[in-house]
Amino acid sequence: MSSSAVALKEIVESVIESHQGKIGALLPVLHSIQDKLGHIPPESISMMAAAMSLSRAEIHGVMSFYHDFRGEPAGENILHLCRAEACQAMGSRELEHHAKERLGIDYGETTPDGLFTLEPVYCLGNCSCSPSLRVNDELHARVTAEKFDDLIAQMEARD
Amino acid sequence: MAIRVFVPRDATACALGADAVAKLIREGAAGRGLDVEVIRNGSRGAFWLEPMVEVETDSGRLAFGPVGAADVPGLFEAGFPGEAQHPLALGLVDGISWLARQQRLTFVRAGLIDPVSLEDYQSLRGYVGLARALEMAPQAIVDEVKESGLRGRGGAAFPTGIKWQTVLDTVADQKYIVCNADEGDSGTFADRLLMEADPYQMIEGMTIAGLAVGATEGYIYLRSEYPHCRKVLSEALSRAEQAGFLGTGICGSNRDFSIDLRIGAGAYICGEETSLLDSLEGKRGLIRFKPPLPAIKGLMGLPTVVNNVLSLGAISTILAEGAAHYRDFGTGRSRGTLTVQLAGNIKRGGLVELPFGATLRELVEDYGGGTASGRPVRAIQVGGPLGTYLPQSQWDVALDYEALAEIGGMLGHGGIVVFDDSVDLAQQARFAMEFCAVESCGKCTPCRIGSVRGVEVIDRIVANEERAFNLEVLDDLCDTMVEGSLCAMGGLTPYPVRSAIKHFPEDFNR
Ligand SMILES: Cc1cc2nc3c(=O)[nH]c(=O)nc-3n(C[C@H](O)[C@H](O)[C@H](O)COP(=O)(O)O)c2cc1C
Ligand code: SF4
Ligand code: FES
């Protein structure tokens, strides 16, 4: 095993250990791995399968069912743009169009500089002050095209 | 003594800059040598006034809002935190009519307290219900819940006491309490607001549920889209545990109850209780066939209470104040209060809690003040993404479960999403199908495939390709989905679609 595979195995094992004995530990385990590594590396799946007595197909099935889990690294910043009705009522369709154009990517894609990944989300619970955008764990309300551009520019400058 | 200033830590308030405002107030006060204590309270749900800053005085709390970071220096210059003459000064909070006219039962503490302070919670009758429940026999607790007339607030409005009776009556070594905090419906945020403003209410409710049915383990299934909420809940749970309100021997009794906070992974369908249970078991969130009911075979095949956040919150009030207190708030079969969320294109959006009986028009016009854009309201979607679009002729409907059902609508979780006259109902119908396609659990063909076909057919109708024929195809497709779907995802998606076609035909005929 390569040194990176050894390191990965250590992470996976310590995560599984920390959720030992829990009912339905797979979701918390997947979340923890993704929190630590930004994604679920394909090599980690057989490690989880072995340690948790699950088949690789089962783990794949679970990963692909949920929108949150990703098998590949995301950009430095994840932008979740709300596509649901309250935000639509406040112009999120136009904002969505603008965002894709400004970043030059579609949903599920990452900008070539690796700074941004754009994802759709269906409601962020901020529906009185729409449109809503989640940048990593930070929420933004009443987002206009200008506000979007400002946020992007700030993050680009920080880089 | 320090002057107490409150700046909400609620997600919407933060999205509007509350963190920066809190920081600037601390710095501004320090710079001026003022003795100010900034407390991060929850929101009262008047989101149109957020960030709303409150200052405690002898005659009550003075409010300022909406306060942006740029307003803070000007506020200090005008005399803040003293009685400041400032355009953002709203006077006493209790005098803000949008709030004063409400009758807060579930949200009575929201915004008043530091959400994670047990002391604050207990100073306002928190944990009174649990103390009482600890003295009661399980059947007596269940009877009290039955008498209150509480119906589940997650959408299906099933009587909570009857559900608990089933779990109590089912013999098993282990039973579970599951709090459904998946709040997936767009246009809703009442669960989030309660959890971020007054989390112990629901935690106490879960504990009482455990005592009532004989469960020692509880799970909160919180959607991953709520990171702020997650922070508040984890903090509240660990404090409750440290103080002996959770864990072994709660409150010095010989009863145990613990709660594990679990995070969803971005799947709308996991709000449905059986899908949620599969997800908690670490599986894909597929809908289960019912029966067996989760009350009999739930988590890990064992008897399980699954209740919504607001239902469990109401439990602490019912036990603290008695069943009659809760029941007397309602009308007919809708007991307790109505909590609605004013969302979308609305001038004064937020959470409104009232006795049942108000009409949709009263809410949108009196409380909501019409649209944010200033244009006329054209359509209102009530009850989340599976709820119908109501045209003007239906806005006098009373907002209760039965009255809405009579016109083919549903109250659901109480989301009210307002659209102005720029809305295109054909696009809204298309979105309903698209959402179903994205979020279907995939178990039944009419839902999984029908929704994809639905999007295509609506596109053809809009493009005027064989329009009359395709409208018929869409109608058939809706029938198939209604009849052939195992759950409300596929079964109700046709409702918003059909209401759009029925009430706004011109949008399909351009
Ligand atoms: C598609 C679908 C999504 C649902 N989403 C939620 C939800 O997000 N939150 C919730 O409390 N109930 C939701 N429900 C209702 C639950 O299945 C269940 O009725 C509820 O959690 C029971 O709690 P209650 O009796 O306290 O309302 C959903 C139902 C369906 C069919
Ligand atoms: S109707 Fe849709 S979401 Fe519901 S069980 Fe069938 S496929 Fe799953
Ligand atoms: S619909 Fe966008 S935040 Fe709720």
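Helices (H or I, at least four residues) and strands (E, at least two) are DSSP runs, numbered from the N terminus. Axes are lines fitted to C-alpha atoms, for helices over the stretch in contact, and angles run from 0 to 180 degrees between N-to-C directions.

This is a predicted model, in which local features need pLDDT of at least 70 and side-chain atom pairs pLDDT 80 or more, while totals for chains, interfaces and linings use all residues. Residues are numbered from 1 along each chain as its sequence is written, chains are lettered from A and ligands numbered from 1 in the order in which they are written, and side-chain values use heavy atoms, without hydrogens and water.

In chain A, helices H3 and H4 pack with their axes 9 Å apart, at an angle of about 120°. H3(A) and H4(A) are therefore oblique to each other (under 35 degrees is roughly parallel, over 145 roughly antiparallel, 65 to 115 roughly perpendicular, the rest oblique).

| Helix | Range | Residues that meet the other helix |
|---|---|---|
| H3(A) | residues 42–52 | Ile45(A), Ser46(A), Met48(A), Ala49(A) |
| H4(A) | residues 56–65 | Arg56(A), Ile59(A), His60(A), Met63(A) |

Chain A also meets chain B: 37 residues of chain A are in contact (heavy atoms within 4.5 Å) with 63 residues of chain B. The two chains bury about 3800 Å² between them, 57% of it on carbon and sulfur atoms; buried area is the accessible area (1.4 Å probe) that two parts lose on being put together, summed over both.

The rule finds 1 salt bridge across this interface (a side-chain nitrogen of Lys or Arg within 4 Å of a carboxyl oxygen of Asp or Glu). Arg83(A) and Glu434(B) meet in a salt bridge through their side chains, at 3.0 Å, N to O.
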